[in-house]
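I opened this entry to record the surroundings of the ligand. The notes follow the order in which I looked things up.

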Amino acid sequence: MNQVIERDQLIKKWIYAAAAIIKESFNDKLDIERKSNRNDLVTNMDKTIEKQFIEKIHQFFPGEHILGEEGFGDDINHLDGVVWIIDPIDGTLNFIKQQSDFAIMIAIYENGKGQLGYIYDVMQDKLYSAQVGKGAYCNDVLLPIIEDKPLKEGLVAISSALMSKEEGLARTVGRASSGVRLIGSAGIETAHVASGRLIGYLAAYLAPWDIAAGKVIAEEVGLVYTKLNGEKIDLLQKNPTLVAPPTAHKEISALLKTGKK
Ligand code: IPD
Ligand code: CA
Ligand code: CA
């Protein structure tokens, strides 16, 4: 992919500018709309931020495809060429109800392969980023390759949808670990696995924009990021997902296969 350094600098600049706009909005009344159900919400901020990113991408990289959660990008049915994948606010429910634990996420894929990934935990001021083959960083400090620990030695995060849909399986995995943590932002949870704070993250059905940036970052530190059944992620669909170091990934997959409750 061309202009990688320029892209990296621009994306970081756009993300920090977007975060400033989000934080400035905290005293304003949010416009909140319901999408597929009462817990699937979108605010005026999600839309504003996505539109701003798209405007910038069009300005600097005309002709490149954009897949955005709020639908202001392109209708994408293939991953040929350069595709930007954007989640303007990951953890919208947290943003609305807690004003914390939400992230801005941007990724660039080329012919289906992750090239750049960014997850900005806005309230912690932590920007996780990665370029394929060049390692992953948190605020420009290189993240070490993850230690390949067994499941019993770490805390595991499980999405709330997976908890309610497959509570037996979620409990089984939880029991085999040191404990369960729920944050409510796929991006932040993946970043915590990548930085060694969590041993794994499991989710029931993540959309491409929930996965794209985290997958680039996760793979750069040696994590395995697949569907829950171990198959390859399909970035044109929703996927049940599992990200963990190789040993814990194998252990969790085995527990899920046996279906022990
Ligand atoms: C959601 C969050 C949540 C995950 C959901 C996602 P959104 O993203 O990442 O943690 O469990 O599946 O949809 O809608 O807040 O961007
Ligand atoms: Ca999301
Ligand atoms: Ca979102």
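I listed the residues around ligand 1, with a heavy atom within 4 Å of it: E69, D87, I89, D90, G91, T92, S159, G184, S185, A186, L206 and D210. The model is predicted, local features need pLDDT of at least 70, side-chain atom pairs count only at pLDDT 80 or more, and totals for chains, interfaces and linings use all residues. Residues are numbered from 1 along each chain as written, chains are lettered from A and ligands numbered from 1 in written order, and side-chain values use heavy atoms, without hydrogens and water.

By class, I counted three nonpolar, five polar (Gly is placed here) and four charged residues in this shell. Strand β4 (residues 82-90; a DSSP run of E, at least two residues) gives the largest share, three residues.

I then checked polar contacts (N or O pairs within 3.5 Å). A backbone N or O atom of G91 is 2.7 Å from a ligand 1 oxygen. For I89, a polar backbone atom lies 3.2 Å from an oxygen of ligand 1. The protein buries 78% of the 380 Å² that ligand 1 exposes when taken alone (Shrake-Rupley method, 1.4 Å probe).

Finally, I noted that ligand 1 lies between domain 1 (3-142) and domain 2 (151-258), because both give residues to its shell; the domain bounds come from an automatic or database assignment.

Note on methods: Polar contact = N/O pair within 3.5 Å; in protein donor to acceptor, adjacent residues only side chain to side chain. Helix = DSSP H or I, 4+ residues; strand = E, 2+ residues; numbered from the N terminus.
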